[in-house]
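Here's a quick tour of a model, written for someone who likes cut-offs spelled out. Have the viewer open as you read.

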Amino acid sequence: MSELSVRTDERYQFVSITDGVKDAVRESGVGDGICLVSSTHTTAAITVNEDYDPDVPRDLAAACRALLGGLDVRFEHAEGNSDSHLLTSLFGQAQQLLVRGGEVDLGRWQGVFLAEFDGPRRRTVRVAVYGA
C-alpha cells in the first residue's frame, strides 16, 4: 500500500493525483488487477474526471459551490462543514480502477482527483493494488 500526501489551497478544490496513483501502480509490480484509491477523510472524496483541460476541475468546484448555495437546508452539525460531509458522501471516499499491463487503465482524458470540500488542508490518500 502506498500513501500520497496532498495539499489543498481552497475550500472546494479538485487536485489531480493521477501521477501519484500511476507511480503507486508501477511500483506495486502488479500486471493486471485492481487499484483502490481511498481518502482517509470525511470531508474529501476521490473521483475520476477529465484531467486535460484545467477548466474542468475548476468548473466542478464552482458547481459544488453553486449546488450547495442553492440548497435550503439548515445543517445541525456544529463545526459548520456539513456541506463538506454531504459532498463527500455524494462523490464517494474511494474509487476502484483497473490495472492492465502494469498501468492504471484510464481513458485518454481521464485522471484521478482528490476532491477537497473543507480546505485548505493537507490530506492523505491511500493506494492499494491487487492482482497478478
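Let's start with Ala 132, which sits in the segment after E8; helices (H or I, at least four residues) and strands (E, at least two) are DSSP runs, numbered from the N terminus. Ala 132 has 76% relative accessibility, so it counts as exposed. The scale here is: buried under 20% relative accessible area, exposed over 50%, partly exposed in between, with a 1.4 Å probe and protein chains only. Leaving out neighbours within four places in sequence, Ala 132 is in contact with Val 30, Gly 31 and Asp 32, where contact means heavy atoms within 4.5 Å. Gly 102 is 30 residues away from Ala 132 in sequence, with 9.8 Å between the C-alpha atoms.

## Ground rules

This is a predicted model, in which local features need pLDDT of at least 70 and side-chain atom pairs count only at pLDDT 80 or more, while totals for chains, interfaces and linings use all residues. Residues are numbered from 1 along each chain as its sequence is written, and side-chain values use heavy atoms, with hydrogens and water left out.

Is Ala 44 buried or exposed? Ala 44 belongs to strand E4 and is buried, with a relative accessible area of 0%. Setting aside neighbours within four places in sequence, its contacts are Ser 39, Thr 88, Gln 93, Leu 114, Ala 115, Phe 117 and Arg 123. Phe 91 is 47 residues from Ala 44 in sequence and 8.9 Å from it in space, C-alpha to C-alpha.

Lys 22, in helix H1, counts as partly exposed at 29% relative accessibility. Beyond its neighbours within four places in sequence, Lys 22 is in contact with Val 104 and Leu 106. From Lys 22 to Ala 45 is 23 residues in sequence and 18 Å in space, C-alpha to C-alpha.

## How H2 and H3 pack

Helix H2 (residues 55-69) and helix H3 (residues 82-91) have axes that come within 11 Å and cross at roughly 120 degrees. Those axes are lines fitted to C-alpha atoms, for helices over the stretch in contact, and angles run from 0 to 180 degrees between N-to-C directions. The pair is therefore oblique: angles under 35 degrees count as roughly parallel, over 145 as roughly antiparallel, 65 to 115 as roughly perpendicular and the rest as oblique. On the H2 side, Cys 64, Leu 67 and Leu 68 meet Asp 83, Leu 86, Leu 87 and Phe 91 of H3. That contact has six nonpolar residues, no polar ones and one charged, counting Ala, Val, Leu, Ile, Met, Phe, Trp, Tyr, Cys and Pro as nonpolar, Asp, Glu, Lys and Arg as charged, and the others, Gly among them, as polar.

H3 has Ser 82, Asp 83, Ser 84, Leu 87 and Thr 88 as its buried residues, and E4 and H2 are among the elements covering them.

## The nonpolar cores

Which residues of the largest nonpolar core touch the most other members? Among its 21 residues, they are Ile 17, Val 21, Cys 35 and Val 37. A nonpolar core here is a set of buried Ala, Val, Leu, Ile, Met, Phe, Trp, Tyr and Cys residues joined through side-chain atoms within 4.5 Å. Elements supplying at least two residues each include helix H1 (18-28), strand E3 (33-39) and strand E8 (122-131). A second, separate core has ten residues, including Tyr 12, Ala 61, Cys 64 and Phe 117.

Most residues other than glycine have a negative phi, and most peptide bonds are trans. Gly 92, which follows H3, has a positive phi near 100 degrees. Gly 119 and Pro 120 are joined by a cis peptide bond, with omega about 0 degrees, and Pro 120 lies in the loop between E7 and E8.
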